[in-house]
Structures are given as structure tokens and as C-alpha cells.
Amino acid sequence: MAELPDDLADAVNSQARARIEMNIREYAKYLTPEAIDSLRASFPGIPPRVSEYSLGEVADSGGQYEVSIRYSNRAEAFVVRSKWKKRDGAWMVVHAERLWAEGDRRPGPVSRFAGRVLGFFARLRR
């Protein structure tokens with residue numbers, strides 16, 4: 001398992017804390033448009049509220065880091081794997097996806113619709 005550079009560790013932890021705090025603006029500031037698309041495609045709907053996170057596997061592939069973060073609340077847990085790369089001197093997520101286990105309950109139609117609406121507004125911010 002690779003170790004994260006300090007500035008990347010700060011960015012990863014800042015984004016994960018923003019996810020827990022439901023601070024969408026802070027969470028999204030690390031996402032490229034491609035990352036928004038890949039995350040939305042792998043996690044249709046509104047992600048559940050979470051109360052904690054822990055860093056999982058980290059892999060370094062020549063300046064691009066793949067980081068797995070396990071988010072959880074009392075009822076469920078899930079993992080988001082993201083690829084981080086420096087762009088214009090700042091660490092950004094260039095790809096992100098929720099990892100689904102067999103038998104995981106998927107979001108329903110209302111949640112998927114709400115997720116599309118939120119994705120639309122996140123893209124307007126850029």
C-alpha cells in the first residue's frame with residue numbers, strides 16, 4: 001500500500017469530512033467534470049448520509065493516486081474509490097466510483113431523479 005503525500009492526504013481528508021458534513025460545495029471543489037460523471041454513473045441517486053469515514057487502500061501509479069474511502073452510518077457502509085491527479089498545482093479527483101457488493105440495495109427512482117438534479121447544479125458551478 002502506497003503512502004499519500006501530505007498535501008494529497010489533506011485534500012482527501014478535507015473532501016471526506018465535507019461529505020460527512022453534507023457540505024456539497026466543499027466536496028465538489030475537488031471533482032473534475034469527468035469525476036462528477038463517473039461518480040454519478042456508479043452511484044445513481046442521492047448518496048445516503050454518513051457519519052464517519054476511514055481511508056482504505058492507496059495505490060500510486062506514477063503521480064496519480066487511487067484512494068479507497070469507506071463511508072458509513074449506523075445502517076450501512078460503502079466504499080468510494082477515487083483517482084487523484086495534480087491539475088494546475090492542486091489535487092483533483094479525475095475519476096470516482098462507488099464500489100457495489102453483490103446484493104447491495106440500489107437507489108430507487110426518486111433518489112435517482114434527485115441525484116440527476118443535484119448533478120445538474122454541480123455542473124453549473126463549474
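Colleague: Is R87 buried, exposed or partly exposed?
Modeller: R87 is partly exposed, with a relative accessible area of 38%. Buried means under 20% relative accessible area, exposed over 50%, and partly exposed in between (1.4 Å probe, protein chains only). This is a predicted model: local features need pLDDT of at least 70, side-chain atom pairs count only at pLDDT 80 or more, and totals for chains, interfaces and linings use all residues. Residues are numbered from 1 along each chain as its sequence is written, and side-chain values use heavy atoms, with hydrogens and water left out.
Colleague: Which side chain does R87 meet in a salt bridge?
Modeller: That of E34, at 3.8 Å, N to O. A salt bridge here is a side-chain nitrogen of Lys or Arg within 4 Å of a carboxyl oxygen of Asp or Glu. R87 lies in strand 3 and E34 in helix 3, so the pair ties together parts that are 53 residues apart in sequence. Helices (H or I, at least four residues) and strands (E, at least two) are DSSP runs, numbered from the N terminus. E34 is partly exposed too, at 43%.
Colleague: How many salt bridges in the whole structure?
Modeller: The search finds five. One of them joins K86 and D7, at 3.1 Å, N to O. K86 is in strand 3 and D7 in helix 1, so this pair ties together parts 79 residues apart in sequence.
Colleague: What are the accessibilities there?
Modeller: K86 has a relative accessible area of 41%. D7 has 37%. K86 is partly exposed, and so is D7.
Colleague: And what does E97 pair with?
Modeller: R81, with the closest N and O atoms 3.3 Å apart. E97 sits in strand 4 and R81 in strand 3, 16 residues apart. E97 counts as partly exposed at 24% relative accessibility, and R81 does at 26%.
Colleague: What does V67 touch?
Modeller: L4, V12, L55, E57, V58, V80, R81, S82 and W84, not counting residues up to four places away in sequence. Contact means heavy atoms within 4.5 Å.
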